[in-house]
Amino acid sequence: MGSIWELDYYSRPILDENKKKVWEVLICETPSDISSKTDSLFRYAKYCSSTTVNSVWLQTALQEAIDKAGEAPVKIRFFRRQMNNMITKACEDIGIPAQASRRTLALNQWLQQRMDEVYPQEAGYQGGTNPSVRLESPLPQRLPDALEGEQLQFVTLSAADFADMPEWDIDFGEAFPLDLAGISSEAKIPGVLIFSNRALPIAAWMSGLELAWLRFDSSKKGSLLLETGATESWILANIKNPQMLLEAQNFAQAKQKANGVHFIGVQSDPTSESFAGFWLLKEI
């Protein structure tokens, strides 16, 4: 499988000589697994005049990035839904699928680094935050009946346990280097395991989504929600058992202590030594 890229195309807090916002495209490679070396990941950046903001310019920049990388990615993720039409058209015109996704950890960190260190050095820099359009999230959806697990369990692993993840038996999944999330080897990483005799179909369905993160919403019947794509949300479970509610609350607290890092795994049963699916996640 080839690489996946993350892309942002938006205005920056910089004004040109005509007092117009400078735009920029940022493209970076998604870390493929827990052992990826972040300093060797592909990156491409290019400023764009506000008068040339369109899908044709973006397509040209994408081709430049592909030429620089030496190969095209299999997919491009982007998190700004308001740029959906322009980004999707540019990607499709060059023959690459584009997917709205909140699984853009490397891109978000690079963008923040540029906000702190690069843009303030540019002529025409305008201090303050870079505004972004906030979109209303739809109500959480129910999982299809065939995809509901028979049992759910909250668990915790140490960050050091993930060192062997490349050797785990996993059918579907994705991870990222923990140092990208600022996690030390001593940290505790909370997670959720789903057990089902339909583990493989459930994991296959999940792999077709852009998994973002898990969120426990105590205000909505104790709902454990799976956030996917740019705004989608699914109800994994409505937790009513007092002991499970306590475990869910502990999960939420542990996730916060771990800088938002957590995981979800899908197995056939608690004794299985393999995973039908396993995803390392981070709320951003």
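Predicted model: local features only at pLDDT ≥ 70, side-chain atom pairs only at ≥ 80, totals over all residues.
Local features need pLDDT of at least 70 and side-chain atom pairs count only at pLDDT 80 or more, while totals for chains, interfaces and linings use all residues. Residues are numbered from 1 along each chain as its sequence is written, and side-chain values use heavy atoms, with hydrogens and water left out.

In soluble globular proteins, nonpolar side chains tend to be buried together. A nonpolar core here is a set of buried Ala, Val, Leu, Ile, Met, Phe, Trp, Tyr and Cys residues joined through side-chain atoms within 4.5 Å; buried means under 20% relative accessible area (1.4 Å probe, protein chains only). The largest such core has 32 residues, and those touching the most other members include Phe162, Ile189, Phe263 and Leu280. Among the elements giving two or more residues to this core are strand S2 (21-29) and helix H3 (105-117); helices (H or I, at least four residues) and strands (E, at least two) are DSSP runs, numbered from the N terminus. H3 supplies the largest share, six residues. A separate second core of 27 residues includes Val53 and Ile87.

Strand S10 (residues 211-217) has six of its seven residues buried. S10 runs antiparallel to strand S11 (residues 223-228), and six bridges join them; strands pair if DSSP finds at least two bridges between them. Leu211 stands opposite Thr228 in S11.

Leu211 is also in contact (heavy atoms within 4.5 Å) with Arg103. Arg103 lies in the loop between strand S5 (98-100) and H3, and is buried, with a relative accessible area of 10%. A polar atom of the Arg103 side chain lies 2.8 Å from the backbone oxygen of Leu280.

Technical notes
Buried < 20%, exposed > 50% of the residue type's maximum accessible area, 1.4 Å probe, protein only. Polar contact = N/O pair within 3.5 Å; in protein donor to acceptor, adjacent residues only side chain to side chain. Lists of a residue's contacts leave out its neighbours within four places in sequence.
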